[in-house]
Amino acid sequence: MSKASATPSGFSVPWRLIIAAAIVCIGLAVLSRFITIDMVHEQADRLNPFVAFALLTVLPLVGFPVSVLHVVAGIRFGTGLGLALVALSILLQLLASYVLVHGFRRKFSQRLAPVREKIPRGAHGAMCLFTMLIPGVPYFAKNYVLPLLGVPLHTYLIICLPIHVVRSSVAIFLGDKSDELTPGRIVALVVYFSATLFASWWMYRRLRSQMRKPGGGVPATTRARHA
């Protein structure tokens, strides 16, 4: 039984992701009855900025949900400074991920084997873009798996850094404006998020089909397997 149900057109419905999102929404709705946004802002303002940045940088390396941290960064630092600090934290995370993988290659190779199996072999740039666009793969796993596939550091940074920063902007803005979200801002955020999600999905589908064509990457049955 596959993890997602396939329709006659071949489109897979990610039921686990949908159910997880529904659980998160329900949980947030319940928490909102006990925790107000003013309480969240008050606690964020008390957080030492150096400690906040350290947590923002280190926690994603061990798998903590990065979107939550980016919302908190928006609350604590605002949109402008928050985006700058998040961009710096992402750069440090990418560099740390690259070093850690090359230092403990065998351990990362074993733990990330399921993710590696999803990525066709191809040019390093296309491989990076493909990995960044794969739906459902955690942030930290994407950062760790690319060095395992032999992607050079400069290619890794040039492609992954801007994509991560652009994606973080929604969460940062949401955190900054969480105490003054008007219907117009909510609609704008939904439209922006939907547009980026659709663009990522379209690019992912297109890139996957190109990489699996003869001469464009590898056949559908071939996967990247690196020692």
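Contact here means heavy atoms within 4.5 Å. The structure is a predicted model. Its protein chain holds 11 helices and two strands, and the order of these elements from the N terminus is β-β-α-α-α-α-α-α-α-α-α-α-α.

**The chain as a whole**

- Of the 227 residues in the protein chain, 33% are buried.
- Among contacts in the protein chain with a separation of 6 or more, 71% are between residues 24 or more positions apart.

- The buried residues of α9 are Tyr139, Ala141, Lys142, Asn143, Tyr144, Val145, Leu146, Pro147 and Leu148.
- The cover over these buried residues of α9 includes α4, α5, α6, α7 (113–116), α8 (124–133) and α10.
- After α9 comes Gly150, which has a positive phi near 85 degrees.

**Packing of α9 against α10**

- Two packed helices are described by the angle between their axes and the distance between the axes.
- For α9 and α10, the axes come within 12 Å and cross at roughly 175 degrees.
- Because angles over 145 degrees count as roughly antiparallel, α9 is roughly antiparallel to α10.
- On the α9 side, Tyr139, Lys142, Asn143, Leu146 and Pro147 take part, and they meet Tyr156, Cys160, His164 and Arg167 in α10.
- Sorted by class, this contact of α9 with α10 has five nonpolar, two polar and two charged residues.

**Packing of α8 against α10**

- The axes of α8 and α10 are 9 Å apart, and the two helices pack at an angle of about 25 degrees.
- Because angles under 35 degrees count as roughly parallel, α8 is roughly parallel to α10.
- The crossing in which α8 passes α10 is right-handed.
- From α8, the contact draws on His124, Gly125, Cys128, Leu129, Met132 and Leu133, while α10 supplies Thr155, Tyr156, Ile159, Cys160, Ile163, His164 and Arg167.
- By class, the contact of α8 with α10 has eight nonpolar residues, four polar residues and one charged residue.

**Packing of α4 against α5**

- Helix α4 (residues 66–77) and helix α5 (residues 79–103) have axes that come within 7 Å and cross at roughly 140 degrees.
- This angle makes α4 oblique to α5.
- The crossing in which α4 passes α5 is right-handed.
- In α4, His70, Ala73 and Phe77 meet Thr79, Leu81, Gly82, Leu85, Val86 and Ile90 of α5.
- The residues of this contact of α4 with α5 divide into six nonpolar, three polar and no charged.

**Ser168 in helix α10**

- Ser168 is placed in helix α10, which spans residues 153–176.
- Ser168 has a relative accessible area of 2% and is buried, because the cut-off for buried is under 20%.
- The side chain of Ser168 reaches the backbone oxygen of Val165, at 2.6 Å.
- Neighbours within four places in sequence aside, Ser168 is in contact with His70, Leu83, Val86 and Ile90.
- Among these partners of Ser168, His70, Val86 and Ile90 are also named where α4 meets α5.

- Arg106 has 70% relative accessibility and counts as exposed, because the cut-off for exposed is over 50%.
- Ser109, at 16% relative accessibility, counts as buried.
- With residues up to four places away in sequence not counted, Ser109 touches Arg116 and Leu148.
- Leu148 is one of the buried residues of α9.
- The C-alpha atoms of Arg106 and Leu148 are separated by 9.4 Å, and the two residues are 42 residues apart along the chain.

Conventions: Residues numbered from 1 in each chain as written. Predicted model: local features only at pLDDT ≥ 70, side-chain atom pairs only at ≥ 80, totals over all residues. Heavy atoms only, no water. Axes fitted to C-alpha atoms, helices over the stretch in contact; angles between N-to-C directions. Helix = DSSP H or I, 4+ residues; strand = E, 2+ residues; numbered from the N terminus. Parallel < 35°, antiparallel > 145°, perpendicular 65-115°, else oblique. Left-handed = near helix turned anticlockwise from the far one by under 90°. Nonpolar A, V, L, I, M, F, W, Y, C, P; charged D, E, K, R; others polar. Buried < 20%, exposed > 50% of the residue type's maximum accessible area, 1.4 Å probe, protein only. Polar contact = N/O pair within 3.5 Å; in protein donor to acceptor, adjacent residues only side chain to side chain.
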